[in-house]
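User: I'm new to this structure and would like a close look at a single helix and what surrounds it. Could you walk me through that part?

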Amino acid sequence: MTWTVTPERFDSPDAALLRRDYYDEVASRYWGRPATVEEIAEGLTDDGAELLAVPTGEFVVGRFDGRAAACAGLIVVDADVAELTRVFVRPEARGTGGGGLLLAAVESRARALGIRRIRLDTRNDLVEARGLYAKHGYREVPAFHHRQYAEHWFAKELLTV
């Protein structure tokens, strides 16, 4: 069982389905019930995904044994900072190392863009995500915005290689 993680257009068929599944999971957790098709579609409408392409960002897709199973995005904030977003591993592939590989791939892409710091926000109920970030060197930092759905903020300084 092996992982591969590669850059991919955010709107490719596999990437679009992963983004949809990501939104389904985070919305369902937030509401405490399965999200409706309408709620998922509304969440994906004008969600800023177009920023997940060069020069404003990157998107990577992880494949587990050849099947699209994970994704992560990076949005450039300024010359030194980018935000990590849409980190998702399908439930059946969790615990196999894919999350760490996604983070490593995004960090590598960020370094290639000259980014020196990656930051992100997440919610209280996304406990697994917070654990993943902490395990891979992301530290909690003071809030850097006050958008809805953000309850924890993390950042990581990237070492130049």
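Analyst: Happy to; keep in mind that this is a predicted model. Let's start with helix α1, which lies across β2, β3 and β4 and runs at about 85° to β4. Those strands belong to an open sheet of seven, ordered β1-β2-β3-β4-β5-β7-β6, with mixed pairing. At the edges sit β1 (3–7) and β6 (139–140), each pairing on one side only. As for the strands under discussion, β2 (residues 57–64) and β3 (residues 67–76) pair in the antiparallel sense over eight bridges.

On the α1 side, the contact is made by Arg-19, Arg-20, Tyr-23 and Asp-24, while α2 brings in Glu-39, Ile-40, Gly-43 and Leu-44. Sorted by class, that's three nonpolar, one polar and four charged residues.

α1 also has a hand in the largest pocket, giving the most to its lining with nine residues. This pocket has a volume of about 1,500 Å³, and 50 residues line it, with Tyr-22, Val-26, Arg-86, Val-87 and Leu-126 nearest its centre. Besides α1, the elements that each supply at least two lining residues are α2, β4 (81–89), α3 (98–112), β5 (117–122) and α4 (127–135). The lining as a whole splits into 21 nonpolar, 14 polar and 15 charged residues.

Technical notes
Residues numbered from 1 in each chain as written. Predicted model: local features only at pLDDT ≥ 70, side-chain atom pairs only at ≥ 80, totals over all residues. Heavy atoms only, no water. Contact = heavy atoms within 4.5 Å. Helix = DSSP H or I, 4+ residues; strand = E, 2+ residues; numbered from the N terminus. Nonpolar A, V, L, I, M, F, W, Y, C, P; charged D, E, K, R; others polar. 1 Å grid on protein atoms, 1.4 Å probe; cavity = no way out; pocket = protein on both sides within 12 Å on 5 of 7 lines; lining within 4 Å. Points joined across faces, edges and corners; volume = space filled by probe spheres on them. Pairing = 2+ DSSP bridges. Axes fitted to C-alpha atoms, helices over the stretch in contact; angles between N-to-C directions.
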